[in-house]
Amino acid sequence: MADFEAEDRKPQSDEARSAFTQPLGVVAPQRGTLDDESSTTSEFAIPTGLDVPQQTESEGSAFRAPSAYSADHYTAFTPAAGVPMVKLTKGAPWQDRMRTMLRMPVADRPAPEPVQRQDESGPAVPRVLDLTLRIGELLLAGGEGAEDVEAAMFAVCRSYGLDRCEPNVTFTLLSITYQPSLVDDPVTASRTVRRRGTDYTRLAAVFQLVDDLSEGVSEISLEEAYRRLAEIRRNRHPYPGWALTVAGGLLAGAASVLVGGDLVVFVAAALGAMLGDRLAWLCAGRGLPEFYQFTAAAMPPAAIGIALTLAHVDVAASAVVTGGLFALLPGRALVAGVQDGLTGFYITASARLLEVMYFFVGIVVGVLLVLYFGVKLGAELNPDAALAGSAKPLWQLAAAMLLSLTFAILLQQERSTVLIVTLNGGVAWAVYGAMHDTGELSPVAATAAAAGLVGLFGQLLSRYRFASALPYTTAAIGPLLPGSATYFGVLAIAQNNVDKGLVSISQAAALSMAIAIGVHLGSEISRLFLRAPGAESAADRRAAKRTRGF
């Protein structure tokens, strides 16, 4: 027995004893005490002695309202009655209905009406997106505002059942994204706008196509829509080339009468404008950019004015040059650029205004070159000779209406709209003359008021005919364009009077902005008093803000 106890007290080998075995004579501390640093614990375990209140609630959920939430102070959750449904007015133009839905979140948009022109397999999404982009391309290339282009693209997609789509419009790129549901991959298509042309007859036909597609009772298949779109593309211009050249000459002659010219000035300005038009066509045929086309087109009217001055002909040479400039001033692009900026499309607006600036600089360069050589040859030109209106208001009113008529022809408008826009231009000039000549208001204020009236009438006419407002407004602002201020500014610069020249050109820029803002403000005023789709009154409109940043 003693031998066994002695043997147990002998130290065992390393193989027989574990390194974690407690040595003999060391008392192991009790588990759970604060001195037990070697015991296995969790970093999230509650230390001994710390009193923690017991949880009375069950395990929380990520979808449960916080404990501090009170329904009396927060209204972020959907009420028990649900979100009020937005009903679109059937009688409203499709532009208003589509704008209303575009300004709403995708989840709040009303469900599309049952589509009757698709088969059981559903619409071909890539083909619908391609048709939408082609229609948007024609509208954007024709000078339509970015907001109306987005509304038209959304209307086409919605008419074929693609409601969860988001169109995006920039100056040269169109894109649209369609996502069937939150768990499906989105489909995106884009198209580049490379060529631009002014043809308001084609623009009206595209608007009619979109209006037919957006009607619930209309059943237009994709093949039929493609066929009509191809016919619109192949449609010939309503006026031949010689008619456009003659219209440009008559426009310049009418503009020269507005600034005090007589019959000789009328003929000289018309001849210079027609020569400039043919020279611009020659440059275009050789592939020169539009900047050089505008530069070349501005030279013949200025050259004829200098020639009359050197020949000592008793005519107002400045009226000849001013009349020739009216046909070149980019009023259409200016109005579209300012409209895009006021409606929140800042990238497109910046690009369009930059294009206007290049065109304007091209006109200034062309006139400046001719005036510089004319001054060197001894032509006596007076930049202080303001072009005051003659004492023949009826002749000026007739000239303003002729200017609007010829401008409408240059824009390739439909013959049914030419008479209306001619009357609108006469009203604009009458308002300007009454406010500036009789009321002695500043030209900027008078121009803005007349342009606002043009925009108001144009928007009302477009709503009556469910068409674009451009054919009713663009040609009507022709008599208000700042041709004389541009000419005198360029003339002062040519005579080394840079300060006076910059002041005059700044006045021309102010008049141009007054025209653009007035036209857009007039169109927006008409919307203030018309009931918006989905609202009981104008004060209940949803998402009235159209800016992208606020």
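Predicted model: local features only at pLDDT ≥ 70, side-chain atom pairs only at ≥ 80, totals over all residues.

Me: Let me start with the strands. In which sense do β1 and β2 pair, and over how many bridges?

Reply: Strand β1, residues 165–169, and strand β2, residues 173–178, are paired in the antiparallel sense, with five bridges between them. The link from β1 to β2 is a hairpin of three residues.

Me: Which residue in β2 is the bridge partner of valine 169?

Reply: Valine 169 has leucine 174 as its bridge partner there. Leucine 174 also has a bridge partner in β3, namely arginine 191. Strand β3 covers residues 187–192 and pairs with β2 over six bridges, again in the antiparallel sense.

Me: How do I read a pair of aromatic rings?

Reply: A pair of aromatic rings is described by two values, the distance of the centres and the angle of the planes. This structure holds four aromatic pairs. One of them joins tyrosine 372 and phenylalanine 373, with 5.8 Å from centre to centre and 80 degrees between the planes, an edge-to-face arrangement.

Me: Why is the pair of tryptophan 429 and tyrosine 432 called tilted?

Reply: Planes under 30 degrees apart count as stacked and those over 60 as edge-to-face, with the rest tilted. The planes of tryptophan 429 and tyrosine 432 stand at 35 degrees, with the ring centres 5.4 Å apart, so this pair is tilted. Both residues lie in helix α14, residues 415–438, three residues apart, which is about one turn of the helix. Tryptophan 429 and tyrosine 432 are both buried.

Me: And how accessible are tyrosine 372 and phenylalanine 373?

Reply: Tyrosine 372 is partly exposed at 41% relative accessibility, while phenylalanine 373 is exposed at 53%.

Me: Which residues form the nonpolar patch on the surface?

Reply: The patch is formed by Leu354, Met357, Tyr358, Val361, Val365, Leu369, Tyr372 and Phe373, and together they have about 740 Å² of accessible area. Leucine 369 sits in helix α12, residues 346–376. Its relative accessible area is 40%, so leucine 369 is partly exposed.

Definitions and conventions. Residues numbered from 1 in each chain as written. Heavy atoms only, no water. Patch = residues over 30% accessible without salt bridge, like charges linked within 9 Å, V, L, I, M, F, W, Y side chains within 5 Å. Areas by Shrake-Rupley, 256 points an atom, 1.4 Å probe, with all protein chains shown as cover. Salt bridge = Lys/Arg side-chain N within 4 Å of Asp/Glu carboxyl O. Helix = DSSP H or I, 4+ residues; strand = E, 2+ residues; numbered from the N terminus. Buried < 20%, exposed > 50% of the residue type's maximum accessible area, 1.4 Å probe, protein only. Pairing = 2+ DSSP bridges. Phe/Tyr/Trp six-rings, centres within 6.5 Å; stacked < 30°, edge-to-face > 60°.
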